Amino acid sequence: MVYNYILYIIARERKCGYMKVTLQNLTKVFPAKSKKAKDVIAVNDFDFVIEDGLLIGLLGPSGCGKSTALNLISGLQKPTSGKIFFGDDDVTNLPPENRGVGLVFQNYALYPHLTVLQNITFPLENRKGKDKLTKEVMVEMATEVAKLVQIDTLLDRKPAELSGGQQQRVAIARALVKKPKILLLDEPLSNLDARLRLQTREELRRIQKQTGITTIFVTHDQEEAMSISDMIVVMKEGVLHQIGKPQDVYENPIDLFVAKFLGTPPINVFDGYVKGGQLYIGDESVLDVSSIEDKEVDVAIRPEGFVVDENGRFTCNLNRIEVMGRDISVVASHEKSQNKDIRAIISAENMARLNQATVKFNLKPYKVYIFEKDSGKRIYF
Amino acid sequence: MKNNNLKGWLYLLPAIAFLGLFMVYPLIDVLIYSFEEGFNFASQTYFGVGGYNYSYVLHDPYFLSALKNTFILVIITVPLSTLFSLLISVGLSSIQKIRNLFQTIYFLPYVTNTLAVGLVFMILFKQTPYTNGLANLVLGWFGFSPVDFIAGPYWAKMTVLCIYTIWVVMPFKILILTSALASVDEVYYNAAKIDGTSKFRIFTKITLPMISPTMFYLIITGFIGAFKAYSDAVALFGIDLNSAEMNTIVGYIYDMLYGNSGGYPSFASAAAIILFVIVLTITCINLLVSKKHVHY
């Protein structure tokens, strides 16, 4: 406890030195390679502020432009239009080396011919003139960050002699050693196995809290982003869909894409319609939604939004039950479901009641989201 | 298990037979000839056995001159050609637009016949009663007096031979180096760029170590190739290399076998073994040095 408190103090003290990041109408278009192909808009009109000292998850499916967004912030790619500010400074036209960012690459990009220590001191050796450091100071700084990421016993090894998790720590150490204003991580956990991934993401969180550095990381794994980020940015095909605290975004998705993208097990989506203030799925009226006019809609229900009830309004065919300890997962099906299986997570105490071919549910209204059929926009009720 | 072994040997048989017959057997044969004094091919006879052949070759002024020429050629052409190839390859890798055109141009000497290239060099450097040659014309602009590069002083001839050799071996090296440079992952350069590494430091600290296995391969094969130089000298100075003072070790071996002074296979064998020992030594030194500097 005391230790955590000290970390908190350190984080609070250091936070002041770090930068907020402002993206202003940031757009990146990759021109078409042939006349037939279309231009690819990798980042479309990004306009948001990342407060300093936060851990931000840039989240989206593969190929949605999140790595491009990261490269724009790092300066490796130039935006087509729009501006980037670090603090109050416009860095849009600064080359990457003058931006003071640390970048951890997806495959770590550790120099294979250098030892861990040489890899970490590499950024320091680039300093020229009066910023030049002596060898002793560089080794000292490297050892300090190595301790922070807990690889200080591996300094003489070559990257090939390290495990994936250790390599990643070295990459983070190399990015941190030059005391960057902003730390960027590109799919930092994707090359690790499942167990190590869990462990490392906690580690990432710890390092970020301990240093207080504004950190932006890219991931396609929503669980990863949700579990450690202060804020998540959900994007698809270059378009920003929603930005907010992970729990807020989860509980209040702005459109169908965000609702579908977040949450494990995934949200259950049904074809439904509203008639006379009632929400219908199939022939059953499942919820009162008095404020919506009559129309066809998509209905999305979180797995935890189902309540088993013998007099429930929503009837599904019961397929099987998966026991997960405290909770059970009810796998059901319904002709109007857009997914093959419907998954409902309920408390194990209700298991005894699940012995028939069908199961009846009541729905928790705040776990049910209604979206417009064409645009996928949320209809609030 | 035994069955499998037999099968394995059977599969290896073509390669073993071929290599044994055309590589190993001749090598051993040459070693034997080199110790047989006055061996005669026609009668397959010799006077005695001993080190006389080596003693003769090592005291033969023609051999010593060939040895000197070869060493000068190796010491000058291997580093220079490797260095120039590296510079050109790096240049080629950093241009985008007309890269293919340049790559083709640089590769042309490789597919051109050695003797045809020699002819071109003759035109460039040879002095005739009617013209001083193109090289002398250019040198004349800078106030130098004309030199006969083909039949003139030793250093002039050696210069031409070195330029010629460098020019001939470069295309292959450029080809290999450009592909080695292309195989270095872009991500390392990006990582270095983010850290503000200067271009020169990127080259010496990242690019060079990354392509060091290829560099090492080129240097070793470069040494071996240069030690075996012969056709280049012939292309420039004709077959009577001894009188042109431009003979090489391989040239000496050839002369001993077939040349004007021909018919001495024992001496030729001894010279060949000496060349083999030299190349072996240099390659071993290369291997030892490379352990420190090559990163796989």
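A residue is called buried when its relative accessible area is under 20%, exposed when over 50%, and partly exposed in between (1.4 Å probe, protein chains only). The structure described here is a predicted model, in which local features need pLDDT of at least 70, side-chain atom pairs count only at pLDDT 80 or more, and totals for chains, interfaces and linings use all residues. Residues are numbered from 1 along each chain as its sequence is written, chains are lettered from A and ligands numbered from 1 in the order in which they are written, and side-chain values use heavy atoms, with hydrogens and water left out.

With a relative accessibility of 0%, Gln168(A) counts as buried. Its place is in helix 5 of chain A, residues 164-176; helices (H or I, at least four residues) and strands (E, at least two) are DSSP runs, numbered from the N terminus. The side chain of Gln168(A) reaches the backbone oxygen of Pro188(A) at 2.4 Å. Leaving aside residues up to four places away in sequence, Gln168(A) touches Tyr108(A), Pro188(A), Leu189(A), Leu192(A) and Thr200(A), where contact means heavy atoms within 4.5 Å.

Helix 5 and helix 6 of chain A pack at an angle of about 20°, with their axes 11 Å apart. Axes here are lines fitted to C-alpha atoms, for helices over the stretch in contact, and angles run from 0 to 180 degrees between N-to-C directions. Helix 5 of chain A and helix 6 of chain A are therefore roughly parallel to each other; angles under 35 degrees count as roughly parallel, over 145 as roughly antiparallel, 65 to 115 as roughly perpendicular and the rest as oblique. On the helix 5 side of chain A, the contact is made by Gly165(A), Gln168(A), Arg169(A), Ile172(A) and Leu176(A). Helix 6 of chain A contributes Leu196(A), Thr200(A), Glu203(A), Leu204(A) and Ile207(A).

Charged pairs come next. Counting a salt bridge as a side-chain nitrogen of Lys or Arg within 4 Å of a carboxyl oxygen of Asp or Glu, the total comes to 15 salt bridges over all chains. One of them links Glu125(A) with Arg201(B), whose closest N and O atoms are 3.4 Å apart. Because Glu125(A) lies in helix 3 (residues 116-125) of chain A and Arg201(B) in helix 9 (residues 199-210) of chain B, the pair joins two chains. Glu125(A) is partly exposed, with a relative accessible area of 30%, whereas Arg201(B) counts as buried at 14% relative accessibility.

Within chain A, the side chains of Glu203(A) and Arg206(A) meet in a salt bridge at 2.8 Å, N to O. These two residues are three apart in helix 6 (residues 194-211) of chain A, so about one helical turn separates them. An α-helix has 3.6 residues a turn, so residues three or four places apart point the same way. Glu203(A) is buried, with a relative accessible area of 12%, and Arg206(A) counts as buried at 18% relative accessibility.

A further salt bridge pairs Glu322(A) with Arg343(A), the closest N and O atoms being 2.9 Å apart. Glu322(A) lies in strand 16 (residues 314-323) and Arg343(A) in strand 18 (residues 342-347) of chain A, so the pair ties together parts that are 21 residues apart in sequence. Glu322(A) is partly exposed, with a relative accessible area of 27%, and Arg343(A) counts as partly exposed at 23% relative accessibility.

The peptide bond from Thr264(A) to Pro265(A) is cis, with omega near -10°, and Pro265(A) lies in the loop between helix 9 (256-261) and strand 11 (268-275) of chain A. Asp45(A), in strand 2 (residues 40-50) of chain A, has a phi near 55°, a positive value in a residue other than glycine. Asp45(A) counts as partly exposed at 41% relative accessibility. Glu187(A) has a positive phi of about 45° although it is not a glycine. Glu187(A) is found in the loop between strand 7 (182-186) and helix 6 of chain A, and is buried, with a relative accessible area of 7%.

Terms used. A polar contact is a pair of N or O atoms within 3.5 Å; within protein, one must be able to donate a hydrogen and the other to accept it, and residues adjacent in sequence count only if both atoms are side-chain atoms.
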